[in-house]
Amino acid sequence: MKTNKTLLIFFLWITQISFGQTTGAKEILGQIFEQSTSVEGVNIINNETQVTAVSDASGMFSIVAKEGDVLVFSSVNLEPFKRRITIEDLKSNLLQIKMVAKEIELKEVVVNENANINAENLGIIPAGQKKYTPAERKVYTATSTPGDALLNAISGRTSMLKKEVQVEKKEALFRKIEYLFDEKYYTERLKISAEDIKGFQLYCIEDSEFAVSLNSKNKTMSMFLITELAGKYLKILENEK
């Protein structure tokens, strides 16, 4: 009996401590943004209670906290953010959290271990000279001489060569998007079926803003934009059924 009584007193003591720690706590509803875009998959943890939450597809989350608690927000693609909860936060209907994207450069594939040795360093061509792709070189050749330029313009050759330049640029973008995202990212994160991946990639590189993010090697922006494009593409597929 004495043992049972001791256990009962201990249980009541623990309960009282727990109650004291949670007094004033309230479930807070919030939404996370990066610029004007809501962010999914952000981890939120209450540093005081170790309670956790994750933002949904609309950037929404809910977590229990009280005045003075510190909420820590973290994501692979965003800078970490801390927010100390105030009375005003507890009274608010919606806590808006603004996070900042990390600037992450796309990894480069090293294809030449002597990368510092080039035509400029060897004095073969002047430093700073414009470098042409094969298709661009053809256009330059076809238009650099006045007589040839006129003939090529009349025959339609110049127009055809310029189209080749555009095709070449899209092929370069296609190689970049293939390198940047693997099949698992499309199927699990973006919900694009395996058989629709190629079509979706072609759809993405036609988007000018996404093309700029690929060419500037801004992986974070590419990831945000491709998520939006995936939603639009899935709606197109749905309407075609």
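**Figure 1. Aromatic pairs in the predicted model.** The protein holds seven aromatic pairs (rings of Phe, Tyr and Trp, the last by its six-membered ring, with centres within 6.5 Å; planes under 30 degrees apart are stacked, over 60 edge-to-face, the rest tilted). Phenylalanine 61 and phenylalanine 73 make an edge-to-face pair, 5.6 Å centre to centre with 70° between the planes. This pair links distant parts of the chain: phenylalanine 61 sits in strand E5 (residues 60–65) and phenylalanine 73 in strand E6 (residues 70–75), 12 residues apart. Helices (H or I, at least four residues) and strands (E, at least two) are DSSP runs, numbered from the N terminus. Both phenylalanine 61 and phenylalanine 73 are buried (buried is under 20% relative accessible area, exposed over 50%, partly exposed in between; 1.4 Å probe, protein chains only). Phenylalanine 73 also pairs with phenylalanine 81; here the rings are tilted, 6.0 Å centre to centre and 45° between the planes. Phenylalanine 73 counts as buried because its relative accessibility is 0%. Phenylalanine 81 counts as partly exposed, at 27%.

**Figure 2. An aromatic cluster and a charge over a ring.** Phe181, Tyr185, Tyr186, Phe200, Tyr203 and Tyr233 form one aromatic cluster. Elsewhere in this view set, lysine 98 lies over the face of phenylalanine 33, at 4.7 Å from the ring centre. The rule for such a charge is NZ of Lys or CZ of Arg within 6 Å of the ring centre and within 35 degrees of the ring normal.

Figure 3. Three salt bridges are found in the whole structure (a side-chain nitrogen of Lys or Arg within 4 Å of a carboxyl oxygen of Asp or Glu). Lysine 66 meets aspartate 69 at 3.3 Å, N to O. Lysine 66 is partly exposed, at 22% relative accessibility. Aspartate 69 is buried, at 3%. Arginine 83 bridges to aspartate 89, with the closest N and O atoms 2.9 Å apart. Arginine 83 has a relative accessible area of 24%, so it is partly exposed. Aspartate 89 is buried, at 7%.

Figure 4. Lysine 198 and glutamate 178 meet through their side chains at 2.4 Å, N to O. Distant parts of the chain are linked here: lysine 198 belongs to helix H7 (residues 197–205), glutamate 178 to helix H5 (residues 157–180), and the two are 20 residues apart. Lysine 198 is partly exposed, with a relative accessible area of 47%. Glutamate 178 is partly exposed as well, at 34%.

Figure 5. Helix H9 covers residues 219–240. Its 22 residues should span 32 Å at 1.5 Å a residue, and the end C-alpha atoms are 31 Å apart, which agrees. The expected span is 1.5 Å times one less than the number of residues. Buried residues in H9 include Thr220, Met223, Phe224, Leu229 and Tyr233. Tyr233 is also a member of the aromatic cluster.

**Figure 6. The whole chain as context.** The protein has nine helices and eight strands. Of its 241 residues, 29% are buried. Among contacts with a separation of 6 or more, 56% join residues 24 or more positions apart (contact: heavy atoms within 4.5 Å).

**Notes.** Residues are numbered from 1 along each chain as its sequence is written, and side-chain values use heavy atoms, without hydrogens and water. In this predicted model, local features need pLDDT of at least 70 and side-chain atom pairs count only at pLDDT 80 or more, while totals for chains, interfaces and linings use all residues.
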